[in-house]
Amino acid sequence: MAHILIVEDEKAINTLIRKNLELVGHSCVSVFDGEAVFDALALQEFDLILLDIMLPKLDGFQVMEEVRDIPVIFLTARSDVGDKVRGLKLGADDYIVKPFDMLELQARIETVLRRFNKADRLFSFGGVEVDMAGQQVFLEGALVDFSPQEFLLIETLIKNRNIALSRDKLLEIAWGYDFGGDTRTVDVHIHAIRKKLGWEDVIKTVYKLGYRLEVGK
Ligand code: CA
């Protein structure tokens with residue numbers, strides 16, 4: 001997983017992001033102003049920077065001008081198009097407007113990491129091995145067949161591991177907005193996945209919400 005620098009002066013948001021990213025296996029460093037970015041970069045190498053725009057000391061744009069060779073995703077409260085253009089012109093790799101949900105942030109981080117070949121291609125837990133790029137799942141070395149929707153559910157649970165995902169969100173991700181089915185469809189597929197992988201205790205049911213893949217860090 002990736003080593004991520006979180007630059008956000010609002011402590012609650014910074015902490016929330018860090019906790020969520022650590023849950024899915026990333027390691028993170030939090031800093032709270034623009035100058036601290038350079039102290040952190042002098043000490044460690046990062047795979048990605050999440051960079052707020054409105055920051056004490058140096059703002060995100062000023063920071064961005066000095067950052068080289070590290071993917072950057074801007075975080076900002078502004079939805080202003082001008083900011084977006086300016087951020088991307090300075091070389092940011094993506095842009096996300098606050099408030100965002102963690103799932104959306106995870107997805108964007110994943111996309112940027114993949115673009116820079118820093119995404120995980122393989123996930124393994126117990127006897128299960130998932131090849132993300134090849135879309136194949138192995139149990140004790142033997143290939144297990146999954147429908148495209150089942151694979152998307154597995155992939156989504158893995159990428160957001162240890163985080164509770166609602167049935168609605170899973171339905172939307174695996175079947176798309178336009179799908180007319182209801183959330184029981186998700187239950188049916190989760191049941192099938194649990195059975196095929198022996199994941200009855202690994203995919204936890206979250207009361208009144210949905211599911212969580214519980215694999216530790
Ligand atoms: Ca801020």
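Strands are considered paired where DSSP finds at least two bridges between them, and helices (H or I, at least four residues) and strands (E, at least two) are taken as DSSP runs, numbered from the N terminus. The model is predicted, with local features requiring pLDDT of at least 70 and side-chain atom pairs pLDDT 80 or more, whereas totals for chains, interfaces and linings use all residues. Residues are numbered from 1 along each chain as its sequence is written, and side-chain values use heavy atoms, with hydrogens and water left out.

By this criterion, β11 and β12 (residues 210-213) pair in the antiparallel sense over 4 bridges, and threonine 205 stands opposite tyrosine 211 in β12. Helix α8 (residues 184-197) packs on this sheet and touches β11 and β12, its direction making about 150 degrees with that of β11; contact means heavy atoms within 4.5 Å, and angles, from 0 to 180 degrees, are taken between N-to-C directions of lines fitted to C-alpha atoms, for helices over the stretch in contact. The sheet is open, with 3 strands in the order β10-β12-β11 and antiparallel pairing.

A second open sheet contains 5 strands in the order β2-β1-β3-β4-β5, paired in parallel. Its edges are formed by β2 (27-31) and β5 (94-97), each with a single partner strand, so one side of each has no neighbour in the sheet. Strand β4 (residues 72-76) pairs with β5 over 4 bridges in the parallel sense, and aspartate 94 in β5 is the bridge partner of isoleucine 73. Helix α1 packs on the sheet against β1, β2, β3 and β4, at about 170 degrees to β2. Helix α5 (residues 102-115) lies across β1, β3, β4 and β5 and runs at about 175 degrees to β5.

The calcium ion is coordinated by Asp9 (OD), Asp52 (OD) and Met54 (O) at 2.1 to 2.3 Å. Donors are N, O and S atoms within 2.8 Å of the metal (3.2 Å for Na, K and Ca); because water is not among the atoms, sites may look incomplete. Aspartate 9 lies in the loop between β1 (3-7) and α1 (11-23), and methionine 54 in that between β3 (48-52) and α3 (60-66), so the pair ties together parts 45 residues apart in sequence.

Asparagine 160 is located in the loop between α6 (148-159) and β10. Its relative accessibility is 5%, so asparagine 160 counts as buried (under 20% relative accessible area, with exposed over 50% and partly exposed in between; 1.4 Å probe, protein chains only). Beyond neighbours within four places in sequence, asparagine 160 contacts Val24, Leu103, Gln106 and Leu165.
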